[in-house]
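Please read the following report alongside the sequence and the three-dimensional structure. It takes up the ligand surroundings, then the packing of helices, and then some points of backbone geometry.

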Amino acid sequence: MDKKFYVTTPIFYVNAAPHLGHAYADVVADTLARWHRARGEATFFLSGTDEHGAKIVRAAEKANVSTKEFVEKHRDEFKKLLASLGAQQDDFIYTSDSERHWPGAEAFWKKLVDADDLYKATYEGLYCVGHEAFVTEKDLVDGKCADHNQTPEKIAEENYFFRLSKYKDRIKSAIASDEMRIMPESRKKEILAFLEEGAVDISFSRPSKDISWGIPVPGDREHTMYVWADALTNYISALGYGRGDDTNFKTFWPADAHIIGKDILRFHAAIWPGMLLSAGLPLPKMLLVTGMIRSGGQKMSKTLGNVIDPTEFIDQYGKDAFRYFLLREIPLGEDGDFTRERFRDVYEGNLAHGMGNLVSRTAAMINKYFEGHIEAPSAEALAGVPTRRVLKHEVLSSRVSLDGSALNTYFERDIAEEFSRAMFEYRLTDAITILSSFFSLLDGYIQDYEPYRLVKTDPDKTKAVLWNVALHIIRAAKLLESFMPSTAEKIVKVFGTELKQKEDPTSIHITLSEALFPSKADGPKTD
Ligand code: ME8
């Protein structure tokens, strides 16, 4: 069978406008999807919105609009965010869609009933609306949920319960054996420790009289499905599960990677696999768990006034610069920090003066010395201008010791291979770091040969140097495509080629373009 790749973002709560954390998940998933798609794999990238539950109903009440109107407005913002990031999702599912999502959620519920894994019991507990989950006394600080700074509500009601405890051992062994991988390793440890103690049966419904905004429990309209039981099934309802046509489900399930934040790890690493095991379905292959992004060292909050609006940065600096920052500066799987100052520095340093300047300088020199056109030099000519620099970076394996070899060999044996390995291993931060270091290496290569001087004494050698730089900018741009799609396209166009042209060019023709990353350091803002 041909390879396939299925990646998902969490479905986002529509209780407020999208924020940086949402944009981050979109960018990670889109970058992975683009990489696999470009390798010829059948790829499916799913995003969507989580529209049921008490949290949403209350937010709508507060805004004084109907719940339906409220969720539609925010759903559109999440779709717009994906578009403004240049994301190419294959589908967008939302849980209030009674035609596309509900049949899957209902069919799944029935599977759990068939397995005798749902039973009714009375529950008394503390419910945190922020979490949309029951919490225990030990989750509280001064009587409040520490994550949401809210006092949980005391609830006593008859609910359907899911026999999660029955699957505890199988979930543990699936995680321990990497049948369902959890990345990074620290999160795997954390969830295994939790499963040692936790994974008790959980409430899977709420009385409809208290919460009717949701999917009615099949066969019992007195109850509404618990929002997480409904939400988690989006990953298969979108593929047509329960809807008659299950071609996509057969092709794409199990997911290759669910991108999730660390705060929703338990739902994905305990409840979701429990549900899948109960329904007799395969487990996702991997949970890629991202950290939390803070703003200026603090949790983003409206009260502190430090909430970062992704669109502000996308509008001012462009979507590719924003994607670059998120993937290069926030180590995947770790907590990160976002500040305006750091963003500006990275933009000016790595992009405007780094990558952007390298491209424009190289193109300008080819224009000036060779009338914008060079043919591929001979192998001997290229061997005469080896790289004198070695890219030293901890993410590269020790094999990188090709000082003095042709740039060609260096790129193929090390850069392209290491980059590709990192991408297939979900090490996105490593991959983009390798690439951006390679751009710096090309800068250094120009400095070493000084084409602006060399051209006066040895035009042929100068041509070989500039060919080398231009060719490797093109080659690197092709790898960059998953991270910065429109920049990659613009770069190869400057050198007269296209991304879809897989082979190396045999000649280079310059088309000058506007600066890839106009400096914002002086002058008015440009978009
Ligand atoms: O949890 N930095 O939705 P959500 C990084 N509907 N990531 C962040 C973040 C931050 N500051 N803040 C939030 C939900 N996130 C559920 C998911 S999936 C079946 C249901 C991440 O809109 C958070 O970790 O509250 C989560 O992965 C995602 O944003 C969506 O959060």
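An oxygen atom of the ligand is placed 2.4 Å from an N or O atom in the side chain of Asp-263, which is a polar contact in the sense of a pair of N or O atoms within 3.5 Å; within protein, one must be able to donate a hydrogen and the other to accept it, and residues adjacent in sequence count only if both atoms are side-chain atoms. This is a predicted model, in which local features need pLDDT of at least 70 and side-chain atom pairs count only at pLDDT 80 or more, while totals for chains, interfaces and linings use all residues. Residues are numbered from 1 along each chain as its sequence is written, and side-chain values use heavy atoms, with hydrogens and water left out.

In total, 21 residues surround the ligand, and the closest are Ile-11, Asp-50, Gly-261, Asp-263 and Ile-293; a residue is near a molecule or strand if one of its heavy atoms lies within 4 Å of it.

Two packed helices are described by the angle between their axes and the distance between the axes. Axes are lines fitted to C-alpha atoms, for helices over the stretch in contact, and angles run from 0 to 180 degrees between N-to-C directions. Helices (H or I, at least four residues) and strands (E, at least two) are DSSP runs numbered from the N terminus.

The axes of helix 18 (residues 459-480) and helix 19 (residues 485-494) come within 8 Å and cross at roughly 160 degrees, and the two helices are therefore roughly antiparallel (angles under 35 degrees count as roughly parallel, over 145 as roughly antiparallel, 65 to 115 as roughly perpendicular and the rest as oblique). Ile-473, Ile-474, Ala-477 and Leu-480 in helix 18 are in contact (heavy atoms within 4.5 Å) with Thr-487, Ala-488, Ile-491 and Val-492 in helix 19.

Helix 11 (residues 310-317) and helix 13 (residues 340-370) pack at about 25 degrees with axes 13 Å apart, and are therefore roughly parallel. Here Glu-312, Phe-313 and Tyr-317 of helix 11 meet Arg-340, Phe-343, Arg-344 and Tyr-347 of helix 13.

For helix 4 and helix 10 (residues 265-279), the angle is about 70 degrees and the axes are 8 Å apart, which makes helix 4 roughly perpendicular to helix 10. Phe-108, Lys-111 and Leu-112 in helix 4 meet Trp-272, Met-275, Leu-276, Ser-278 and Ala-279 in helix 10.

| Site | Backbone feature | Angle |
|---|---|---|
| Met-183 to Pro-184 | cis peptide bond | omega near -5 degrees |
| Trp-253 to Pro-254 | cis peptide bond | omega near 5 degrees |
| Asp-116 | positive phi, not a glycine | about 60 degrees |
| Asp-142 | positive phi, not a glycine | about 50 degrees |

Pro-184 is found in the loop between strand 9 (181-183) and helix 6 (185-197), whereas Pro-254 lies in the loop between helix 9 (247-252) and strand 14 (257-261). Asp-116 is placed in the loop that joins helix 4 (102-114) and strand 4 (118-128), and Asp-142 in the loop between strand 6 (140-141) and strand 7 (144-145).
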